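Subject: Structure handover

Hi,

Here is the structure I promised to pass on to you.

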Amino acid sequence: MGAGRDIALLARRWRWARRSLLPHSAIPHAPPAQPREFPTEWARTPAGQVARAGVQQGGLKPVLWTQTRPEVYGREHLDGLEAPAIFVANHSSHLDAPLVLCSLPPGWARQVAVGAAADYFFDARWRASLTALAFNAFPVERRGGTRVTGTAKRLLGEGWSLLLFPEGTRSSDGWMQDFRSGPARLCCGGGVPAVPVALRGTYRAMPRGRHWPGPGRPRVVVRFGRPLRPEQGERPSAFSERLTEGIARLWDEEETTWWEAQRRDRAELLAGTAGPDAPRWRRTWESTRPDRATTTGPFRTWPE
Amino acid sequence: MLDVDERTPPLIVHHGEGFSLQQFPLGTRVVYPPDSLPGLPDVTAAIDAALDEPIDSPPLDELLFADMRLAIVFDDLSIPLPPMRAPDIRQRVVEAVIERAAQAGVDDVHLIAANSLHRRMTPDELQHILGERVFRSFWPERLRNHDAEDPDDLVVLGETGHGEVVEINRTAAEADLLVYVNVNLIAMNGGDKSVPVGLASYRSLRHHHNVHTMLHSRSFNDPPRSAMHHSYDRMGDVVADTVRLFQIETTVNNETFPPQFDFLNTREWEWSYRQQGAYLAAKRANELAPAKVRRKVWQAVEAPYEVTSVNAGEVNAVHERTLANVHRQQLTEIDGQADILVFGLPYLCPYNVNSVMNPILVSCLGLGYYFNMYKNRPVVREGGVLIAFHPVPWEFHQVHHPSYVDFFDEVLAETTDPAAIEAKFEQAYATDPWYVHLYRTSYAYHGVHPFYMWYWGAHALDHLDDVIFVGANRKSVRRMGFRSASTFNDALEMASDSVGRSPRITYMHTPPLTMAEVR
Amino acid sequence: MVLSLELYRSRSRYVAAQATQRISGSLTAPLAPLRLADRAAPTPPNPAAWARLRPRLSGICGSDLATLSGKSSRYLSGAVSFPFVPGHEIVADTLDDLDGIPARTRVVVDPVLSCRPRGLDPCDACSIGRTSRCDHITVGHLAPGLQTGYCADTGGGWSRELIAHRDQLRIVPDHISDEAAVLVEPLACAVHAVRRAAVLPGQSVLIVGAGTVGLLVLAALRELTQAGDVTVVAKHRRQRELAWQLGASEVVAPDRAITAVRRATRAHLLRPDHSPEALLGGLDQALDCAGSAGALDLALRSVRAGGRVTLAAMPAGRTDLAPAWFRELEVVGAYATSRNGTLAPGEADDFDTAISMVAGDLGPLIGGLISAVYPLDCWREALDHALEAGRLGAFKIAFDPGAEQRRTGPEAVPEQTADAPAPPVPLTSTGRDNQ
């Protein structure tokens with residue numbers, strides 16, 4: 001009897017819906033709660049690395065390479081580049097991160113950590129664990145705050161390379177958005193080289209809202225560019241502009257040719273990535289224009 | 001066309017979500033659908049050609065200019081039946097039009113489904129019709145269903161000489177160019193039915209969707225002899241005076257069933273062993289399947305239709321060619337009328353795509369659509385008997401057909417006479433605020449829609465002496481004022497009261513669809 | 001000694017009856033805690049004001065059945081005294097001379113045992129004639145009991161003899177048949193319910209249930225008010241036919257009721273999760289005449305905001321009262337009958353109104369509601385028939401306590417009342433109409 005009553009008494013303090021136990025009168029005395037970051041170190045242990053290699057090579061890559069037709073260019077620019085480096089890519093699809101990871105030479109792929117949105121990928125425990133394991137992801141606060149670059153800096157210091165998407169979110173219509181300054185600040189602060197990466201066709205293949213690539217093995221392209229190094233005393237904003245231009249040039253190279261891309265000036269290049277200045281439907285319409293090569297897959301969109 | 005003799009095998013008869021082989025009496029005339037026509041070899045080229053060289057109209061490119069407002073209106077999911085295997089022809093045409101609009105720098109584009117008083121289409125259904133690319137670019141701000149109860153988005157264009165008010169969708173009517181993309185499954189569709197009906201409000205529809213026009217449409221699939229189409233034409237003239245319209249019409253062939261069901265597309269005596277096996281397997285599987293699975297499988301059927309024509313330009317000129325193409329595919333000549341007309345009614349009619357075929361829709365399909373698939377004279381003589389195969393389950397889709405339930409329970413329980421129903425109940429249902437609410441915000445057919453379904457059969461009810469359903473739910477058949485028989489032979493026995501002991505019997509072997517020209 | 005059907009306290013029987021009543025009346029009837037016994041004749045507490053009665057017919061009421069099958073509310077168990085003889089719808093002959101009522105007069109009984117029969121000074125309610133609201137039903141010189149038929153001391157209609165106070169008796173005009181007369185009490189209750197509902201001219205009304213109560217309420221509604229459309233919810237075919245005859249504007253099946261009312265009133269439908277549909281908008285008034293949880297639920301859900309729901313039948317089971325709160329409904333009880341209360345000058349009270357209705361054109365129709373009459377010793381068959389009345393196309397089942405014991409042999413079976421599908425050995429009282 002006594003035990004039962006004790007349990008009943010004790011149960012009064014159980015708060016099933018995570019309601020605060022803090023008495024109202026004690027609020028002024030309590031230290032403010034620090035938001036806790038999801039721990040991802042375990043994913044970078046040797047065991048984690050082995051597991052990740054298995055997931056990437058045994059799961060992600062076969063799926064990606066059968067459901068889409070990736071073409072990878074510019075890997076030669078990585079020769080002779082010493083780690084750590086920051087890979088900076090445009091972002092329009094969930095395909096982007098796995099695609100870059102699987103396109104990197106194995107040596108590089110092992111030591112790249114991916115910055116992932118804390119509010120999207122790290123809000124639920126199961127999703128956070130999976131993301132951390134499969135992509136070696138670490139949480140990035142998109143809303144700013146003290147920890148925006150903290151973890152990234154620490155990882156660079158430990159010798160990890162990073163894959164960052166400076167647009168901060170997937171594009172809603174396939175075109176490139178303005179870059180945030182975080183990656184450039186990291187480079188300038190640590191003297192780390194940045195590798196521009198342009199991703200094309202991933203929006204068409206699997207835009208926001210889709211959970212699997214579209215039919216017909218859509219063609220997707222990964223282009224690595226020449227690494228950029230921050231000059232002595234270069235301001236992060238200036239470096240960020242160079243980065244944008246680098247990606248825009250790779251983007252243009254995909255549209256036209258390497259030669260034509262070289263001859264364009266900065267404004268022309270940026271206009272090419274920003275898409276038409278038109279209503280949303282036309283921007284979407286343009287970025288979903290079927291790729292001629294896409295139509296030759298086993299599932300044709302148009303029976304000719 | 002075939003006369004049943006001692007060598008004729010039993011023939012396939014559709015029976016709702018099922019089918020069976022049925023032995024017909026000797027001498028029964030069987031009307032088969034004509035062979036499926038070959039599809040166009042290059043549809044893309046045909047679309048481009050139609051848009052570049054339209055009939056009685058400047059090319060589409062000349063009608064498009066920057067800063068214009070373009071409205072693209074397309075037929076809803078009620079046609080074709082079954083739904084067309086992706087890509088739907090509407091998707092291909094709409095994409096071609098949008099491509100040209102984008103090149104011309106047109107920014108203000110609206111896509112509107114011409115669903116009239118039909119239920120709104122779900123996003124998935126819109127995506128099936130228009131394809132993912134169009135859907136992703138336009139949904140939801142610029143791609144939507146027509147709302148016949150939105151007072152802000154309706155405009156009165158004028159009145160016809162007969163005092164018929166023409167009220168249609170404002171966005172479409174006030175666009176600088178209205179492009180209508182149609183699929184012409186039967187001769188009733190298309191032409192002046194497209195804009196004046198597809199985009200109309202109840203106020204405008206009541207001028208032609210009523211018992212009087214239905215009784216004077218002999219048949220409504222033969223526009224020159226259809227009072228309903230005469231009204232459409234008058235309204236079409238009003239539309240033509242005020243709206244810049246560019247009509248694109250397409251027709252498909254008779255490839256109604258996918259390859260695994262191709263025995264339904266083939267004449268029974270030509271069945272290969274594989275097809276006989278397929279019949280046995282499909283019938284057995286269909287009977288064993290739980291009702292839910294069965295419905296899912298049937299509703300998932302997509303027709304491998306091929307496109308037989310694409311025409312664009314001025315409505316009437318275009319529709320003339322379209323009708324010729326529909327007739328080329330569907331018309332069969334018949335000598336003389338029969339005493340008994342036999343149909344097997346399939347699982348699908350225009351108003352139960354992804355839904356339930358309720359008794360009213362069964363009646364509409366049999367007495368409305370199938371009965372009216374004639375030119376010149378009905379297939380069955382006046383005072384003849386219609387025997388239809390369908391289980392007619394007492395079953396309604398609660399979301400799609402809320403007013404049907406009440407119509408069946410309240411209206412048909414009192415009377416089945418279309419004119420009496422129209423006079424007493426139509427107004428109350430058409431303006432019921434709850435039905436209006438469901439039509440606008442849920443996926444419900446409009447409150448007045450079951451009335452139209454019942455009017456659709458008015459001509460047949462007037463013409464026939466008796467309607468007998470074979471293998472049907474007795475209660476629901478009786479509610480509609482028809483009779484039910486458990487077997488075909490019983491039905492013939494019952495019919496002998498009206499047509500005697502040795503009637504001339506005609507079996508319309510559909511679907512695929514056929515239209516009888518009775519001499 | 002008097003042959004009586006006696007209801008006694010038996011927990012196991014209650015439980016058994018309760019458990020089986022959903023399955024079939026033919027299981028429930030024999031399990032009811034009821035027995036046919038020879039009881040000592042009830043003795044009048046005051047011979048000057050009390051008379052002995054010999055019942056001619058005694059009806060089986062829905063509340064009797066609910067009591068027998070353990071369905072009735074526990075709340076009422078405090079207002080009865082065991083063992084008692086049920087039966088409160090009584091037409092009987094008096095055996096003693098009373099002031100103004102000589103012996104051998106045909107009377108009907110107002111069963112409420114209010115202050116006067118109990119030998120008390122009138123309570124506040126009784127003093128203004130609202131005997132149904134009497135506060136003294138458990139005290140006085142009688143055992144507790146809200147009505148004759150629930151009181152251990154008075155006896156009840158399901159016996160060959162009972163006693164009643166002068167105040168409870170109303171003389172039946174000669175041209176009224178016994179069948180019609182036995183329905184005077186339920187009709188008076190219906191009149192009372194309609195008066196409690198206070199239907200205004202032109203108001204639309206829903207009557208839930210078309211058993212005896214529902215039909216009598218419908219008749220009273222048409223007789224006493226200028227109600228507009230009256231929709232009747234009827235489960236069975238025979239009920240529908242009679243509802244039409246008695247002046248219903250619309251008759252619907254229970255599962256169609258909400259949608260039909262919605263159609264008629266152009267209301268909006270509310271679709272809660274895991275709960276029946278309800279209306280936003282709806283009819284002005286509803287009367288629950290079935291007494292089941294589902295019926296009251298339907299009434300509450302089909303009345304417009306601010307409308308009135310009248311409980312004309314004894315409510316059983318649990319009902320979700322959220323609609324009453326949310327739609328600000330008036331829920332009005334209507335129990336038994338009242339002598340005066342709010343009557344206009346010159347207006348007859350509930351019982352006299354009922355008697356004059358029965359005496360008029362409605363008499364034969366109302367008398368026709370008696371579907372079968374059984375002798376007391378066929379009580380199991382009678383209760384079985386009554387429990388399944390709706391399904392069998394029957395309405396009111398009555399006992400003829402004076403009838404002889406069961407006779408054997410098919411030739412002894414008298415002809416049956418119209419519409420009653422062959423109950424085992426019903427007696428009819430056709431031969432007694434001319435007395």
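Below is what I found, chain by chain and then where the chains touch.

First, some housekeeping. This is a predicted model, in which local features need pLDDT of at least 70 and side-chain atom pairs count only at pLDDT 80 or more, while totals for chains, interfaces and linings use all residues. Residues are numbered from 1 along each chain as its sequence is written, and chains are lettered from A and ligands numbered from 1 in the order in which they are written.

Let's start with chain B. It has 20 helices and 20 strands (DSSP runs numbered from the N terminus, with H or I over at least four residues for helices and E over at least two for strands). The radius of gyration of chain B, taken over C-alpha atoms, is 22 Å, close to the 24 Å that the globule rule gives for 519 residues, so the chain is as compact as a globular protein of that length. (That rule is 2.2 Å times the number of residues to the power 0.38.) Along its principal axes, the C-alpha trace of chain B spans about 70 × 55 × 45 Å. Of the 519 residues in chain B, 57% are buried, meaning that 20 or more other C-beta atoms, placed from the backbone, lie within 10 Å of a residue's own. Contacts count when C-beta atoms, placed from the backbone, lie within 7 Å; among those in chain B between residues at least 6 apart in sequence, 79% join residues at least 24 apart.

Chain B also holds an open sheet of 6 strands, with mixed pairing and the order 7-6-5-10-11-12. Strands pair here if DSSP finds at least two bridges between them. Strand 7 (143-145) and strand 12 (307-313) of chain B are at the edges with a single partner strand each, so one side of each has no neighbour in the sheet. From one strand to the next, the twist averages 15°, using lines fitted to C-alpha atoms as axes and angles from 0 to 180 degrees between N-to-C directions. Further in, strand 10 (residues 177-184) and strand 11 (residues 245-252) of chain B run parallel and are joined by 7 bridges. One of the pairs is B:Leu178 with B:Leu245.

Over in chain A, take a look at strand 3 (residues 112-117). Because 5 of its 6 residues are buried, the strand is largely enclosed by the rest of the structure. It pairs in the parallel sense with strand 5 (residues 161-164) of chain A over 3 bridges, with A:Val112 opposite A:Ser161. Strand 3 of chain A also pairs in the parallel sense with strand 4 (residues 137-140) of chain A, over 4 bridges, and there A:Ala116 has A:Pro139 as its bridge partner.

Now for the places where chains meet. 11 residues of chain B are in contact with 10 residues of chain A. Helix 3 (89-103) and helix 4 (123-138) of chain B each supply at least two residues of that side of chain B, and helix 4 gives the largest share, 4 residues.

On the other interface, 9 residues of chain C are in contact with 8 residues of chain B. Helix 9 (257-265) of chain C provides the largest share of the chain C side, 4 residues. That helix has 7 of its 9 residues buried, so it is largely enclosed by the rest of the structure; among the buried ones are C:Arg262 and C:Arg263.

Cheers

Definitions and conventions:
Contact = placed C-beta atoms within 7 Å. Buried ≥ 20, exposed ≤ 12 C-beta atoms within 10 Å, placed from the backbone.
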